[in-house]
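Open your viewer, have the selection tool ready, and follow along stop by stop.

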Amino acid sequence: MHELSIINDVLDSCLSAAALEGAGQINRIRLKIGERSGVSLDALGFAFEVARIGTLAEGAQLDLVALKAEALCLECGQVFRPEMGLFLECPHCQGVGQLRQGQELLIDSLEIQ
């Protein structure tokens, strides 16, 4: 389960940011996760429940925002929602697309006290 190592890295970043601000606790962490990131939202939530114990984030809520994949056709310029798979074919002109969104794993916000 690589989600545990991912959430440990997220927590480390959040705990460092909270310490810099002199916070006594973390109330909420909001993550944006692309549907093509390879991360299971359920597994990430479970890993968070375990990893936060004994930290400033022990009582924190984890908000997970799923981002849909979005591609840009390099030939006609249309933005489209790609089918699952490795090849990004434009449904308008069958040109090659480039992924613009959907692989993210970002700490969007941190609520501290």
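Start by selecting helix α1 (residues 2-20) and helix α2 (residues 41-51) of this predicted model; their axes are 9 Å apart and meet at an angle of about 55°, so the two helices are oblique to each other. Axes here are lines fitted to C-alpha atoms over the stretch in contact, with angles from 0 to 180 degrees between N-to-C directions; under 35 degrees counts as roughly parallel, over 145 as roughly antiparallel, 65 to 115 as roughly perpendicular and the rest as oblique. Helices (H or I, at least four residues) and strands (E, at least two) are DSSP runs, numbered from the N terminus.

Next, show the side chains of Glu3, Leu4, Ile6, Ile7, Asn8 and Leu11 on α1, and of Ala43, Leu44, Ala47, Phe48 and Ala51 on α2: these make the contact (heavy atoms within 4.5 Å).

Now move to the sheet. Select β4, β3 and β5, in that order: they form an open, antiparallel sheet of three strands. β4 (79-80) and β5 are at the edges with a single partner strand each, so one side of each lacks a neighbour in the sheet. Zoom in on β3 (residues 70-73), which is joined to β5 by four bridges (pairing needs at least two bridges found by DSSP). Pick alanine 71 and you will find its bridge partner, leucine 99, in β5.

Finally, colour by pLDDT, the predictor's confidence in each residue from 0 to 100. The chain's mean is 95, and 99% of its residues reach 70 or more.

A note for your selections: residues are numbered from 1 along each chain as its sequence is written, and side-chain values use heavy atoms, leaving out hydrogens and water. Local features need pLDDT of at least 70 and side-chain atom pairs 80 or more, while totals for chains, interfaces and linings use all residues.
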